[in-house]
Amino acid sequence: MHSLSDIVGLYENRFDTHPLLVRSCGRINIIGEHTDYNDGFVLPAAVDKYIYFAIGENGTTESHLFAADIKQSHSFDINKIEPCEKLWANYLMGIMQQLQERGVPLEGVDCVFGGNLPIGSGLSSSAALECGFALGLKTLFQVEASLVELAQLAQRSSHQFVGIPCGIMDQFASLLGRAGQAIKLDCRSLQYEYIPLELGECELVLINTKVHHELASSEYPVRVKECREGVEAIRQYHPEVKSLRDISLAMLEEHRAALPEVIYRRCAYVIRENGRLEEAAICLAEGRMERLGELLLLTHEGLRDDYEVSSPELDFLVAFAKGFDGVLGARLMGGGFGGCTINLVRKEAKEKFLREASKAYFRQFGIHSEYYFVRPVDGTTVVREE
Ligand code: GLA
């Protein structure tokens with residue numbers, strides 16, 4: 001855990017220059033999980049869990065990175081950027097490489113970063129890493145790029161350099177978040193609108209299982225492929241279909257026999273999830289919290305039974321939440337196989353719920369969970385120019 005001034009101090013101990021400072025955000029997602037890479041909709045928000053970056057150019061071709069939270073460093077020649085065994089370094093080097101591919105003449109940089117964004121918890125610390133560094137380099141080297149273009153660049157870097165075929169939700173939310181709002185994003189057109197995240201008597205709280213299964217990275221590309229397989233199969237009958245976005249439940253049912261059972265379930269989940277998101281956005285606008293809670297629970301069931309990206313720890317916490325007076329809904333958040341649940345809780349029940357959930361979870365798994373209160377905030381931003 002580091003504050004902005006800690007990061008500045010660590011930078012100044014190591015390097016001579018006066019750094020640029022960037023504050024990068026994690027994100028939550030209200031609903032719309034595993035829909036982004038299927039051209040669907042998502043409803044995320046940037047939140048007040050941050051990674052702070054101090055960055056300065058150093059006039060050489062060497063770059064020096066220091067990850068303060070885990071006390072690791074990595075140096076590399078900007079003319080020979082290659083993936084290494086440190087995943088965090090790959091997220092940063094990938095951004096530099098993408099900028100070079102755009103023809104941006106870079107120099108080496110010195111960079112120290114760290115903050116209070118929990119890693120591997122489903123709050124997308126990886127997108128926060130990419131986006132904070134990307135915004136820092138854009139500012140240092142005066143790159144002409146909009147925030148949307150920067151989000152796309154970061155996503156390409158994940159695909160091409162890190163090797164993760166992620167959607168655009170995390171990078172988009174980190175960069176384009178706005179205080180008090182969720183973003184309803186159409187991942188096909190990248191059109192978006194802000195929806196006030198006003199929850200009346202309720203609040204969103206996150207509970208971290210503190211478990212991150214290896215499956216999180218290995219199964220993600222499998223799900224991406226399975227969805228594509230479903231699209232290919234339906235395309236035989238409907239040539240106009242480009243993605244699951246173009247397939248209705250009725251079409252899917254009509255051709256169910258042409259699909260392996262597992263592919264059918266994956267596709268049905270995604271199609272229903274887009275429908276739930278539309279309804280959830282209306283519930284938010286109309287203040288219908290009870291129905292919003294039900295939708296979260298339905299999403300969890302879909303992720304558990306049809307998309308199969310849950311885990312015993314996540315299922316336990318969601319079942320506990322479901323049976324708790326004053327909790328309207330809960331589900332796993334993010335890619336799955338660990339990380340956080342997101343819970344819609346009446347304010348007066350919050351303290352008791354968190355206390356009891358943490359006790360029950362410890363009794364069951366012997367693990368101390370953590371909880372977070374988060375606020376939707378303005379996205380990743382430069383906090384001080386050099
Ligand atoms: C991860 C990916 C996102 C999205 C979610 C699941 O966070 O990075 O693009 O696919 O999983 O909704």
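## A lysine to start with

Let's begin with Lys350, which has its place in helix H11 (residues 350-365). Helices here are DSSP runs of type H or I with at least four residues, strands are E runs of at least two, and both are numbered from the N terminus. With a relative accessibility of 14%, Lys350 counts as buried. The word "buried" stands for under 20% relative accessible area, "exposed" for over 50%, and "partly exposed" for what lies in between, using a 1.4 Å probe and protein chains only.

The side chain of Lys350 is joined to that of Glu203 by a polar contact of 3.1 Å. A polar contact is a pair of N or O atoms within 3.5 Å; within protein, one must be able to donate a hydrogen and the other to accept it, and residues adjacent in sequence count only if both atoms are side-chain atoms. If we leave aside neighbours within four places in sequence, Lys350 is in contact with Glu203, Val205, Val345 and Phe373. Contact here means heavy atoms within 4.5 Å.

## How to read this model

This is a predicted model, in which local features need pLDDT of at least 70 and side-chain atom pairs count only at pLDDT 80 or more, while totals for chains, interfaces and linings use all residues. Residues are numbered from 1 along each chain as its sequence is written, and side-chain values use heavy atoms, with hydrogens and water left out.

## Two domains

The domain assignment of the chain gives domain 1 (4-197 + 377-382) and domain 2 (202-373). Such bounds come from an automatic or database domain assignment. The C-alpha centres of the two domains lie 25 Å apart. Where the domains meet, 33 residues of domain 1 are in contact with 40 residues of domain 2.

## Around the ligand

Now look at the oxygen atoms of the ligand. Glu33 has a polar side-chain atom 2.7 Å from an oxygen atom of the ligand, and a polar side-chain atom of Asp170 also lies 2.7 Å from a ligand oxygen atom. For Tyr220, an N or O atom of the side chain is 2.6 Å from an oxygen atom of the ligand. Taken alone, the ligand exposes 310 Å², and the protein buries 90% of that. Accessible areas come from the Shrake-Rupley method with a 1.4 Å probe; for residues, only the protein chains shown count as cover.

## A covered helix

## Loops worth a look

Glu308 sits in the loop between helix H9 (289-306) and helix H10 (312-322), and Phe337 in the loop between strand E10 (327-332) and strand E11 (338-346). Are they buried or exposed? Glu308 counts as partly exposed at 34% relative accessibility, whereas Phe337 is buried, with a relative accessible area of 6%.

His238 is found in the loop between helix H6 (215-235) and helix H7 (249-254), and at 17% relative accessibility this histidine counts as buried. A polar contact of 3.1 Å joins the side chains of His238 and His255. Beyond its neighbours within four places in sequence, His238 is in contact with Met251, Glu254 and His255.

## Distances along the chain

Pro260, in the loop between H7 and helix H8 (261-286), counts as partly exposed at 42% relative accessibility. Pro260 and Met289 are 29 residues apart in sequence and 37 Å apart in space, C-alpha to C-alpha.
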